[in-house]
Amino acid sequence: QTTPQSFLAAMMTAAQPGVEPNTPLGQAYLIPYYNSKTRCSECQFQLGYKGLIDLAYRSGEITMVAAYTVYANDEFEVTLGLEPNVVHKPAKTDRGEPVAFYAVWKGKNGGCGFEVMTMEDVRAHAKKFSDAYKKGWSSPWDTNFEEMAKKTVLKRVLKYAPLKSDFLRGIAQDETIKTDI
């Protein structure tokens with residue numbers, strides 16, 4: 001049970017970028033978080049990785065964006081420098097455990113980019129930015145680790161994409177609790 005104010009605020013936050021929370025589309029989620037200061041649960045808006053992808057396409061500047069999981073038995077090669085490249089060939093069977101995550105984008109004007117995070121990178125990010133993860137509490141990091149990892153790497157790669165302010169406002173609303181409505 002969350003406070004009605006935080007639920008309404010989270011719904012209004014979801015409406016601003018035009019994403020649908022808690023639907024099979026996986027664009028966004030309304031997640032209850034316990035606030036120890038107020039001693040009650042509050043509703044937090046959380047953008048899903050599919051919502052990030054949708055917002056990137058809606059910017060009109062992106063022609064392709066995706067996030068992937070790399071498994072231990074996949075063929076995966078990254079080249080940096082003046083001609084950066086990523087090659088990922090998934091294993092046909094027994095892919096093994098996840099070892100890395102990456103996201104790619106391609107712009108309508110020919111620009112492109114990618115970002116790679118190892119499992120250690122993702123766990124360090126979760127520990128730094130999620131109190132629930134740090135404390136071992138149940139959270140989206142616990143129940144949907146791969147989706148949270150993809151969202152994290154997407155957020156990183158899209159920092160370099162030519163996106164409009166509407167997209168950036170949508171990102172800024174992620175993981176917010178607002179009760180001052």
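Which strands does helix H6 (residues 145–158) lie across, and at about what angle does it run to S6? In this predicted model, H6 lies across S3, S6 and S7 and runs at about 40° to S6. Helices (H or I, at least four residues) and strands (E, at least two) are DSSP runs, numbered from the N terminus. Axes are lines fitted to C-alpha atoms, for helices over the stretch in contact, and angles run from 0 to 180 degrees between N-to-C directions. Residue numbers start from 1 along each chain as its sequence is written, and side-chain values use heavy atoms, with hydrogens and water left out. As the model is predicted, local features need pLDDT of at least 70 and side-chain atom pairs count only at pLDDT 80 or more, whereas totals for chains, interfaces and linings use all residues.

The mean pLDDT of the chain (the predictor's confidence in each residue, from 0 to 100) is 83, and 89% of the residues score at least 70. Among the elements, the lowest mean, 55, belongs to helix H7 (residues 165–172), and the highest, 97, to strand S4 (residues 75–79). For residues 176–181 the pLDDT is below 50; this stretch has 19 contacts in the model beyond near neighbours in sequence, a contact being heavy atoms within 4.5 Å. Where pLDDT is low, the predicted coordinates should not be read in detail.

Three strands form an open sheet in the order S3-S6-S7, with antiparallel pairing; two strands pair if DSSP finds at least two bridges between them. Strand S3 (62–71) and strand S7 (112–118) are at the edges with a single partner strand each, so one side of each is left without a neighbour in the sheet. From one strand to the next the twist averages 10°. Seven bridges join S7 to strand S6 (residues 98–107) in the antiparallel sense, and Lys106 has Cys112 in S7 as its bridge partner.

Helix H3 (residues 119–129) lies across S6 and S7, at about 80° to S7. H3 and H6 pack at about 90° with their axes 10 Å apart, which makes H3 roughly perpendicular to H6 (65 to 115 degrees). Their contacts involve Met119, Val122, Arg123 and His125 in H3 and Phe145, Ala149, Thr152 and Arg156 in H6.

The largest nonpolar core has 33 residues, and Phe45, Val65, Leu154 and Leu158 have the most contacts inside it. Such a core is a set of buried Ala, Val, Leu, Ile, Met, Phe, Trp, Tyr and Cys residues joined through side-chain atoms within 4.5 Å, where buried means under 20% relative accessible area (1.4 Å probe, protein chains only). H6 gives the largest share of this core, seven residues.

How values were computed
Buried means under 20% relative accessible area, exposed over 50%, partly exposed in between (1.4 Å probe, protein chains only). Angles under 35 degrees count as roughly parallel, over 145 as roughly antiparallel, 65 to 115 as roughly perpendicular and the rest as oblique.
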